[in-house]
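User: Please take a close look at one part of this structure for me. I would like to understand the aromatic rings and the interface around them.

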2 protein chains.
Amino acid sequence: MEIKESKFDWVPGGVTAASGFSAGTAFAAIKQVDKRDVAVVHSVVPAAAAGVFTLNKVKAAPVLVTMRNLSTGTAQAVVVNSGNANACNGEQGLRDAQAMAAVTAEVLGIPAEAVLVASTGVIGRKMPMGKILPGIRAAAGQVAPENGPLAAQAIMTTDTFPKEAAVRLELGGKQVTIGAMAKGSGMIHPNMATMLCFITTDAAVAPACLKQALKYAADRSFNLVTVDGDTSTNDMAVILANGRAGNGVIREEDSDYVNFREALTEVCASLARDIARDGEGATKLIIVEVLGAATEKDARQAAKAVAGSSLVKAAVFGRDANWGRIICAAGYSGADFDPEKVDIFLGDEQVARDGGSIDFSEERALEILKKDTVKITLNLNSGDCRATAWGCDLSYDYIKINADYRT
Amino acid sequence: MEIKESKFDWVPGGVTAASGFSAGTAFAAIKQVDKRDVAVVHSVVPAAAAGVFTLNKVKAAPVLVTMRNLSTGTAQAVVVNSGNANACNGEQGLRDAQAMAAVTAEVLGIPAEAVLVASTGVIGRKMPMGKILPGIRAAAGQVAPENGPLAAQAIMTTDTFPKEAAVRLELGGKQVTIGAMAKGSGMIHPNMATMLCFITTDAAVAPACLKQALKYAADRSFNLVTVDGDTSTNDMAVILANGRAGNGVIREEDSDYVNFREALTEVCASLARDIARDGEGATKLIIVEVLGAATEKDARQAAKAVAGSSLVKAAVFGRDANWGRIICAAGYSGADFDPEKVDIFLGDEQVARDGGSIDFSEERALEILKKDTVKITLNLNSGDCRATAWGCDLSYDYIKINADYRT
């Protein structure tokens, strides 16, 4: 979590920062023996719940089970495993995902339909249920409010650091907390959904408003992250709102709703940024800001295309101020703009004006490109809409991680 | 050029294989002193002409000039330079592209509007016209029928081998030749257009039919090649048909048209395959064949997504029989299919059935993945449409070539 300017108070605690949420984890040895790989998150009372999911035609079994269990608009727990995606496992996969929910429910004393299920890991391998179910029993049996950070570790795959965020704000005179954890790393190019992200809040929000706020936030955070252009079979972001803060239930688009949505969007954006920074093999976070777009959609398309371009990513890795690749990517993004009006900046150094070259300091550009975070700004000068997308550079290590070289 | 089963006779000569075409080249030292970098192709008589172009919003100046000069449906020459894309150069870029046409026309004694212009190389650098115009004079001054292969060298950038193809067929009792040259390598993900490709034929074909045939062929060849997902600002495929073969002019969709279109498609597909094999950093050609699709569009979408997936490309580089990444890419391609019906093959080894895992020989799969060419077949079992896409693996050398590392 990197905290930037914000009107909200950022607090520790991650997915259990909000009142009434606890978590438990276990070492189930699904893929590695020395890594936590099962997490359970529990709310003391049933919570309003909503989710957004991968648009991939190939949806993993846990995605299908969670979509169905969310149809009531409520949930009380989440169970997650890393090390196996439970995707492309047919009927057996569905049965296994349901069994994960059933065992979690049994230990926590809640209905199986109140449990959301998520998995991440390799596709097309049968789930080692003989390891997973005991792991779930252990994790669900020791849920506690201080275990949010351990849960964030348990859902990691090739992530190099856990991803958490939480903010505190006031709604209707009550202090409300929104906390979350996420995992990212590879196969990251969510489409109207996300990698895995679990958000909890003690705010009281009606399910329909909760879903709307989550969709809004995801479109401005997870859906603007790209690591490698591959949309996973397992993407999911879910939110549980248990109402323990005691604010009046948010049921319409009033000022409390807007405030809540804004805080939720900041939490999601913070995690999105962490996911990009921790992309497989990444040496740098790339922040692409598009200004002056005619519509927000144009801004988002252009920003995501630049952040996702293999050539831009390779140029940033190589510290090459190659603005031609940047404008080229915006050009094929589908965004509508006049190429001859585009200004491009690396950090605060302008490198192109009116869609063409200008003299700029190569040394200044190199200094900017040497930093851990590289900000690319495109002003389309065609309106007043804007968007930010997050990506990472393309390094030798991306190949190393993903080319499981065999001889 | 790799020749596979074909009903046509494959012949040498490339872009000057057809009767009445000649070419000239020059060393203009645009980027390197020791490389041919200007080519001129000339038809002894005005030819019917058509083109397909990049859909990138950012179109290079030569693309705009060629689009305009093709509005008459005729042309008589093509001038091409490598080493500078003449993209993002504003009004000056347009004037430079026009000057290239004017000088070519002057030397060849034809109108400037009869000259098509193409450029490839770095974006956003002013054209060194003091080197280019003398180069064009030299190239246009020595055009000869035997120079097709030299022209194919002159248009190369990071290509490691020249790309040419030519076939001979009979139309209306006359022998007709279709020849072509292309360049590819990086920034290759054409959208309804192509990288640079120049096709000549002595067939007599009316401009409207020629355009229709070219669009058909490009959709089944260049538009199914991907190297890195980046659609260039300079993509263009143009065809000149000078009628010197003496066949009756093809004016409608008769059997001669279909025969011509089929031969043209084979020529384009042969070049598309060469472009994929020679993708930047590629160690392997990946051929993705999708069978059993409900529509040809579904087949093309799925095939191109698999060929373009960074994770599939990295897996092939690493010789990893990771079919999960293959079905995942088909799943986000936009193609409509039932994931539980999909069969996947590496070469002739089946690695997944009904969208799920099966036992297969890891040793056989490894042998297949060690070859220069890796064929991936997906049978969607949902219809009888099919498509083939071409890509390449993602290796350390792609990063090396595109990360111009600065310290």
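**Aromatic rings and the interface**

B:Phe317 has a relative accessible area of 9%, so B:Phe317 counts as buried, the limit being under 20%. This is a predicted model. B:Tyr396 is partly exposed, at 31%.

Now the pairs. Over all chains, the whole structure holds 3 aromatic pairs. One of them joins A:Phe317 and A:Tyr396 edge-to-face, with 5.7 Å centre to centre and 80° between the planes. A:Phe317 sits in helix 8 of chain A and A:Tyr396 in helix 11 of chain A, so this pair ties together parts 79 residues apart in sequence. A:Phe317 is buried, at 10% relative accessible area. A:Tyr396 is partly exposed, at 31%.

Chain B has its own pair. B:Phe317 belongs to helix 8 (residues 310–317) of chain B, and B:Tyr396 to helix 11 (residues 396–402) of chain B. Ring pairs link A:Phe317, A:Tyr396, B:Phe317 and B:Tyr396 into a cluster.

Next, the interface. Here 54 residues of chain A contact 55 residues of chain B. The two chains bury about 4,700 Å² between them, 59% of it on carbon and sulfur atoms. The chains share 2 salt bridges. A:Asp336 forms a salt bridge with B:Lys57, their closest N and O atoms 2.7 Å apart.

On the side of chain A that touches chain B, the elements giving two or more residues include helix 8 (310–317) and helix 11 (396–402) of chain A. Helix 9 of chain A gives the most, with 7 residues. That side divides into 22 nonpolar, 18 polar and 14 charged residues.

Key:
Residues numbered from 1 in each chain as written. Chains lettered and ligands numbered in written order. Predicted model: local features only at pLDDT ≥ 70, side-chain atom pairs only at ≥ 80, totals over all residues. Heavy atoms only, no water. Contact = heavy atoms within 4.5 Å. Buried area = accessible area lost by both parts, 1.4 Å probe. Salt bridge = Lys/Arg side-chain N within 4 Å of Asp/Glu carboxyl O. Helix = DSSP H or I, 4+ residues; strand = E, 2+ residues; numbered from the N terminus. Nonpolar A, V, L, I, M, F, W, Y, C, P; charged D, E, K, R; others polar. Phe/Tyr/Trp six-rings, centres within 6.5 Å; stacked < 30°, edge-to-face > 60°. Buried < 20%, exposed > 50% of the residue type's maximum accessible area, 1.4 Å probe, protein only.
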